[in-house]
Amino acid sequence: MRAAFTRKLLAWWARAARDLPWRRTRDPYRVLVSEFMLQQTQVSRVAEYYPRFLERFPDLATLASAKPRAVREAWDGLGYYARARNLHALAKQVSGAGGQVPDDPGELAKLPGVGPYTAGAVASFAYEKPVPAVDTNVARVIRRVFFASRIPHPASRQIWELTRALVPKTGKRAWKFNQAIMELGALVCKARAPNCRECPVQPVCKTGRRLGRR
């Protein structure tokens with residue numbers, strides 16, 4: 001079931017993935033900017049602000065040396081301004097320690113504003129590390145596909161460990177897998193109105209098979 005899930009997921013991703021600007025880069029700084037912006041903000045809005053922010057602060061050193069007011073101005077309109085403060089603090093910390101964003105999730109999680117999901121996302125999307133990145137979309141897909149009625153908490157160890165086991169061990173496939181499962185949760189396996197009939201993994205999904213019999 002796990003192998004079939006991954007195979008169907010990656011086949012769907014190959015034909016359905018959205019072309020988003022942060023998916024065209026492996027630059028750790030640019031990946032970090034996108035991940036901070038995407039926290040609690042719609043993709044369409046981030047797509048508008050992301051290039052403008054990078055035009056003003058094209059690299060880690062430029063952001064680290066910026067005035068707090070300039071960073072706030074560049075973030076204005078995205079809301080949740082603690083994210084901007086944390087990103088600015090992160091840039092200063094990393095810049096002062098040699099300028100290299102860590103590639104290990106454990107080290108990334110020590111940086112300001114970086115939790116378990118963001119640490120995994122940066123390690124995977126910037127460095128192609130075969131590690132899980134479990135956000136709310138991923139947790140929802142995993143719960144519905146593999147647990148059905150036995151639904152663990154989204155942040156539970158069960159969810160993380162199962163996702164870790166599912167992530168392919170080669171970097172490029174791991175990158176695709178993490179992007180694909182997030183995309184599935186965002187576009188198909190939605191929180192309130194899952195489109196099970198159009199879901200590529202419905203044949204191997206415990207919840208999808210149950211709903212399909214109704």
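T6 sits in helix α1, which spans residues 2-16 (helices are DSSP runs of H or I with at least four residues, numbered from the N terminus). The model is a predicted one, with local features needing pLDDT of at least 70, side-chain atom pairs counted only at pLDDT 80 or more, and totals for chains, interfaces and linings using all residues. Residues are numbered from 1 along each chain as its sequence is written, and side-chain values use heavy atoms, with hydrogens and water left out. T6 has a relative accessible area of 9%, so the residue is buried (under 20%, 1.4 Å probe, protein chains only). Leaving aside residues up to four places away in sequence, T6 touches L166, P168, R173 and F177 (heavy atoms within 4.5 Å).

Turning to open space, the largest pocket holds about 720 Å³ (on a 1 Å grid over the protein atoms alone, an open set of points with protein on both sides within 12 Å along at least five of seven lines; lining residues have an atom within 4 Å of a point). Its lining counts 27 residues, with L38, Q39, Y117, D135 and N137 closest to the centre. Helices α2 (28-38), α8 (116-127), α9 (136-147) and α11 (171-187) each give two or more residues to this lining.

The largest cavity has a volume of about 80 Å³, the space filled by probe spheres set on grid points joined across faces, edges and corners. Among its 14 lining residues, C189, C196, C199, C205 and G208 lie nearest the centre.

Definitions and conventions:
Buried < 20%, exposed > 50% of the residue type's maximum accessible area, 1.4 Å probe, protein only. 1 Å grid on protein atoms, 1.4 Å probe; cavity = no way out; pocket = protein on both sides within 12 Å on 5 of 7 lines; lining within 4 Å.
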